[in-house]
Every structure is written in structure tokens, then in C-alpha cells.
Amino acid sequence: MKLARVACAGAIHAAQPQQLSDGRSGVLLTDGRRLAEEEVVWLPPLEVGTIIALGLNYAEHAQELAFSRSEAPLVFLKGPGTLLGHRGITRRPAGVKFMHYECELAVVIGRSARGVRRADALQHVAGYCIANDYTIRDYLENWYRPNLRVKNRDGATVLGPWLVDAADIADPGNLDLRTYVNGKLVQQGNTRDMTNDVPALIEYLSSFMTLTAGDVILTGTPEGVVNVDVGDEVVCEIDDLGRLHNTIVGDQLFGR
Amino acid sequence: MPLSPCSAIAMEEPPYHLSGRVYGALLNHRTALQALGDSINQPPYRAAPQAPVLYIKPRNTLAACGAPVIVPSGVAELEVGASLGVVIGRPSCNLAEERALEHVAGYLIVNDVSVPHLSYYRPAIPCKARDGFCPLGPCVVPRAVIANPDNLTIRIYLDGELRATACTAQLLRPVAKLLADVTDFMTLSPGDVLAVGVAQPAPRVRAGQRLCIEIDGIGRLENTFVDAAA
């Protein structure tokens, strides 16, 4: 089961992705309407609670950024204002030199978790989706790094396109991730290369905080981050989860 | 007054509920930066912070005035993070400093409880995001009641004895400037809370002690600290 949340003709709807009779990609709303993918506004697929993100959770990416493998997982938090749905736009402020995408497996908690052991961890997962967790490296400072100005910008965490039931994903530890910029493959990896896999992350996080239904864990990104510019179309893709589109735009749209 | 996570402080002006989103500004009190001395110029920091350094107290940390705060097993004492909390009243994006306070609904007291940690290099989630580690209250005082948020005295009492005082006049970024700089990159929404800065050295508290944080014109936030095994 894949469940999206879209806005259409004055209301917000639950929707399922579906191929239309003319072959285009579309959605089926719960009220029976069938619409093309471009005819709806895609929202993040759920009302998200706490957003927990991992840095440097793939060994190769950590090398790429010249970081040594850290002892404890590098965890940071994000607020809801940073979320954006499929096919949205993300602002690249004028003058920055290095803004990059991060294709990540997003894990949605379905059942409260506190002191959960690794062996039981996946029972607390409702489902999975794709996240594109943008970073502006120009703003990195060495205080609670990476800080919110780098990782919690308005509209800079794309989530979707839909939530896929945990039951439909045989092994979250063996999914290929790919990112394309303007159609060119720029990032590639597999979730098996995570330093801390999904059960380990749930065990670790729930050892000191209660996870609640609707909380989301963004599990980090593999190597292959390159700068994106205004006008670029960025597509993050994960096996069985779909393709998550985003377009980079400039300040002008925002009156800046 | 009981406060369930994500809601429930009744307010006389909009917004009538807190959103449950609590942000805090690290090192925004002059004494907090001073306490680090020249280490701010040494690795791993290499320079004083330029932009506001923020952290998030997630929903599992939210607690009411009067709620017991659990001292985790293996931890001798916790650090008290007494701060003025600004409650946002209107959607706030890219605010001009001159008009920023118009977006404030009111004020409350935030206790950003932490497991003491020496390094500010990495986000201190296991130290700051534990269940019940963010008491706030006792109620939201409307903005109009507080003539000047940048000159409020904060008093911290442990078991009834005054242990520390601080003043919001010592904020490096006063409230309006902080709101302007934060909303440059992230929108704050009605009911969001921004803790504007904790003074150092911050008192430590042990299981069995009763903590009271008092801010002029806002009231007293009282919580008892209890042992995890109790």
C-alpha cells in the first residue's frame, strides 16, 4: 500500500499513486477522482512529529567530507517548517557556493518505542519514504554542527512522494538509492552500507528518548554530493519507494 | 496546571495553544560565551559563532510545571537551563528587527534541562532530548504585560535557596534581533516557543531536589527532580 497526501480543488486528500488509462502517472483520490501527477499539489505524506536526522551514516560519505567515523551516531533534529512535498521548489540563496541534495531512506515510526532492542525494532516502523535533505555547506559553523541554518531551512527537506507500508518492504537494509540532477546520475548507494542500520538507529534513539507514531528518522546519505544551481531538477530515487522530484529556485520568487 | 505534550496551556490571546515546537538559542547569554574563554578560537570551534546556534527540544521532552523530572540512571546531576521563552503569535518569516516583537503572543519560562556536556561541537541530542527534559510554564503571559523582555531578572532556587540570578539584558542578541536572525532562514509559527538563552555557570540539580525558576512578571516554574529508579 502506498499512501500520498495531495491538495486538489480546495481540499487535502489521501491518494494512491496509479497509472492513468492514457499511460500517464497519476493518483486515485479516496473520493474516486483520478488525476495526473501534475494536477495535484503534493504534500509531505503524513503529519510529521519529531524529525530526527543522521549525519555521516555511510562510511564513504563520511570519507568524502573528510570526517573520521564518529563513535556515537551523529544525530540532529529538524522542525516541521523545513518539510516539503514531492514536486516542490527549494530556494537557493544568492551568493552561496555549495548547496547539495542528500538522498535518504526515511523511516516513519508507527508505534511508540522506548528501550527497544534491535531484534524488535522493525515492529515499531509504520513505513518508509524518500527524503531529500538539502544542505548549504557555506553556513556550516563548528557549534552543534550541523546547525539549523544549514539543515533546517524552510522548504529544504523534501519528503515523499508517498508513504510505503513497512509490510511491503522486505528488507530496508538492502535498497538502492540514486540521485539524478537534470537526468544525470550523480549519487548512488545502498542502505546495506549504513554505519548504523535501521534497527540499530531505533535501538540507539529509543535508549534515551521515546519515539512516537509519526516521528521520522532520516537515515543519512551515501557518497556523491555535488553542488546544485537555480533551475536544476533533482530526483531522488529509492528501490520500491518511488522517485522524489524537486526543483531549485532563486531568491526572486521569495521577494528577496 | 497540567501540560500534555504539544498543547494545553490556555492563553487569553491567540494562539490559544502551544504548537509543541520548542527551539532554543545556544550561547546567546553573554556569560555563556564568556565561560568558554579562548577555547572558542581553538579546535574544534576555531571561531565564535556568527549565526544563531539553535537546538530543538522535541515533543517527548515537554513537561508541565510541577511534573517530576527524571534523573537518568548513571547520571549524578543535571544542568538547569533557565531561559525566557518567547511564544510566537503570528507566522514569522524574514522579520525586520524593528517589528519583530509584534509577532510575539507572550512569554513563559523554559527549563532546558541537560545532561552536563563539555563539548558544543556536535548537537547534544542524547544530553538534551530525553523524556521530560523541557518543563515550561507556568502560563503564557501576554506580550502587553511585559514592557521590555530585554530587562527581566531570572532567579533560580534549589530547595528554596537562591542559587543564581541572570538578566535578559545580557543577551548577545536581544529578543527582537534574535527573532529577525532566526526567521531569516526558518519560519516560526503561532504557538512555537523560542528559548532565548541560558546564563552560565548554570546550577546543577540532583535527584531529590526541588527547583524553582522565577522570572519577573511571568511567574515561577517549579519541578522536582527524581531518581530514575524511584
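Me: Over which residues of chain B does pLDDT stay under 50?
Reply: pLDDT is the predictor's confidence in each residue, from 0 to 100. In this predicted model, pLDDT stays under 50 over residues 1-8 of chain B, and the model has 21 contacts for them beyond four places in sequence. A contact here means two residues whose C-beta atoms, placed from the backbone, lie within 7 Å.

Me: What is the mean pLDDT of chain B?
Reply: Chain B averages 92, with 93% of its residues at 70 or more. The model also scores ipTM 0.94 and pTM 0.95.

Me: How many residues does the contact take from chain B and from chain A?
Reply: It takes 28 from chain B and 25 from chain A. Helices (H or I, at least four residues) and strands (E, at least two) are DSSP runs, numbered from the N terminus. On the side of chain B that touches chain A, β2 (53-57) and α2 (125-128) of chain B each supply at least two residues, and β2(B) gives the largest share, 4 residues.

Me: What domains does chain A have?
Reply: Domain bounds come from an automatic or database domain assignment. For chain A that gives domain 1 (1-42) and domain 2 (44-254), with C-alpha centres 24 Å apart.

Notes. Residues are numbered from 1 along each chain as its sequence is written. Chains are lettered from A and ligands numbered from 1 in the order in which they are written. This is a predicted model: local features need pLDDT of at least 70, side-chain atom pairs count only at pLDDT 80 or more; totals for chains, interfaces and linings use all residues.
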